[in-house]
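Keep the viewer open as you read.

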Amino acid sequence: MTSETQMAADAALPVSEPQMSVAPSAPGATWKIRFGSAMIPMGHAAGQNLVTVLGLRFMTDSLAISAGAAGLMFALMKIYDGITDPAVGAWSDRAQTRWGRRLPFLFAGGLAMPVGLALLFGAPDFGSILLAQAFVLLALMIHATGYTLLTIPGFAMLVESSTDPKERTRLMAWRTYGNAVGTLLGSTLPAWILGALGPSRESHLLVALAVGAVVFTATVIAVWLLREAPRTTPRAADLAKAPHPLRSLAHQVRLAWQNVPFRILAIAHVFLLFGTAIGSAGLAYFTRTFLDLPDSALGTYFAMATGAMLVGMTPWVWLSNRIGKKESYIAALAMFAVVQLSWLLAGPGESMVLVSARGILSGLAGGGMILCAYSLLSDAVRYDFITSGERREGAFAGFTTLFDKLSSAAALAAMGGFLSAMGYVSSSSGEAAAQSDSARLAILLCESAIPAAAMLAAIVAMLFYRLDPAMLEALETGRIEKEA
């Protein structure tokens, strides 16, 4: 986000605004909001999964970038993210346009993310590893910027759209459906294309263009559907005393840390995303190098996982309403850990029946983790408004997105460094080079024990979470009575 855009947003701020304004609702607006809420994660999940699953392997096996250098590039890119994520969240809180606070950011993200994908997987042959690394780093930064602009307004709009915790859970279910479809389009479809055409650079570019088209189309649909969603506007007094977003980063960190429910969820979220990111990226190496299976097997695994995620969403919603979101979250984390540990029993030529079975169980667990994690996070952000009286959904959405990307980057950086230290050999052919026993062991651990350990750490963090729906409802009632 440029400084010119920020100045324009500042200039558009009204002298006096009510704390809440709602866009006119038309018949069926609730369903439009639900469908729109699904389109956002469908777009950003497609773009993000393509990079998470195939990005590191493309860099090592097609661009001849060492695993350690590739991992370091992901880490450097996230330093940039660490500055922009909370700032974009705060900017979206302050912005005042005819389309509301969030939609312009959303549309900009839908443009930037496909550009980053095309640049990354269409990187030309520079004849220099250093130039290739610089070009790929730029592509990753553009992609990450698009992801930030998509995810922050999407999550903030969900929190704003309803004061009913059950409706927010329903919206989270719709988001999870969208996330599942995006995962399918960003992981299964690319793997099947590569399995059919081969892992050439041209095939990777074709994949990037196809996924980029999905991201842009989903974003346009979301913007159109969400134009009638409820919109909140901050009070003029809050805007007048609010510091510039880039200067308020330390303040934002403090307010997030002081929100105890959000703090605990963020810690658990970091471990969850670290484990799932390293497991997803590791699987692209694992099926090729350890199991001796083609990329089509990778696509089949993600297809099974996505289908199971979609089918299992209704049971997870039912279970979370019956035994609680926290308990369901812990159950999903434990289930995912067991599935990852089962890869320790796999070997070359593994039956596709067993690969598919793991995909199904992983998808079931993943659906529960996504649904419960973000539903709980929406409760924690709502808790901040109830206790503070301030509209800071964008700032919290920015931190949530920051955790998402930092965790993913940390996983890929750690994985790249670990593979490099264990002797992984890079290639420029698109095919994997012959690997040593130590490199194969590293790939096995990245797919099994390391993700399982991350899930266990997330479970431990969740044992300290105390905010429940009854407590949130009581606080909400007290706020309403106080304002009456």
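The protein has 17 helices and 2 strands. Please bear in mind that this is a predicted model. Of its 484 residues, 58% count as buried. Among contacts with a separation of 6 or more, 86% join residues 24 or more positions apart.

| Helix pair | Axes | Crossing angle |
|---|---|---|
| H12 (residues 325–341) and H13 (residues 352–388) | within 8 Å | roughly 150° |
| H10 (residues 260–290) and H16 (residues 449–462) | 8 Å apart | about 170° |

Angles over 145 degrees count as roughly antiparallel, and H12 and H13 are therefore roughly antiparallel to each other. Their crossing is left-handed. On the H12 side, the residues that meet H13 include Tyr329, Ala332, Leu333, Met335, Phe336 and Val339. H13 brings, among others, Leu361, Leu364, Ala365, Met369, Cys372 and Leu376 to this contact. Altogether, the residues of the H12 contact with H13 divide into 13 nonpolar, 5 polar and 4 charged.

The angle between H10 and H16 is about 170°, which makes H10 roughly antiparallel to H16. H10 also passes H16 in a left-handed crossing. From H10, the contact draws on residues including Ile264, Leu265, Phe271, Leu272, Phe274 and Ile278. In H16 they meet residues such as Ile450, Pro451, Met455, Ala458 and Met462. The residues of this contact divide into 16 nonpolar, 3 polar and no charged.

**The nonpolar cores**

Which residues touch the most other members of the largest nonpolar core? They are Phe121 and Phe286, in a core of 73 residues. Helix H2 (residues 29–61) gives the most to this core, with 12 residues. Leaving out residues up to four places away in sequence, Phe286 touches Leu291, Trp343, Ala346, Ile443, Leu444 and Glu447. Apart from this core lies another, of 47 residues, among them Ala256, Phe262, Ala332 and Phe399.

**A serine in H14**

Finally, find Ser407 in helix H14 (residues 393–421). Is Ser407 buried or exposed? Its relative accessible area is 4%, so Ser407 is buried, the cut-off being under 20%. Beyond its neighbours within four places in sequence, Ser407 is in contact with His269, Val270, Leu273 and Phe274.

Key
Residues numbered from 1 in each chain as written. Predicted model: local features only at pLDDT ≥ 70, side-chain atom pairs only at ≥ 80, totals over all residues. Heavy atoms only, no water. Helix = DSSP H or I, 4+ residues; strand = E, 2+ residues; numbered from the N terminus. Buried < 20%, exposed > 50% of the residue type's maximum accessible area, 1.4 Å probe, protein only. Contact = heavy atoms within 4.5 Å. Axes fitted to C-alpha atoms, helices over the stretch in contact; angles between N-to-C directions. Parallel < 35°, antiparallel > 145°, perpendicular 65-115°, else oblique. Left-handed = near helix turned anticlockwise from the far one by under 90°. Nonpolar A, V, L, I, M, F, W, Y, C, P; charged D, E, K, R; others polar. Core = buried A, V, L, I, M, F, W, Y, C linked by side-chain atoms within 4.5 Å.
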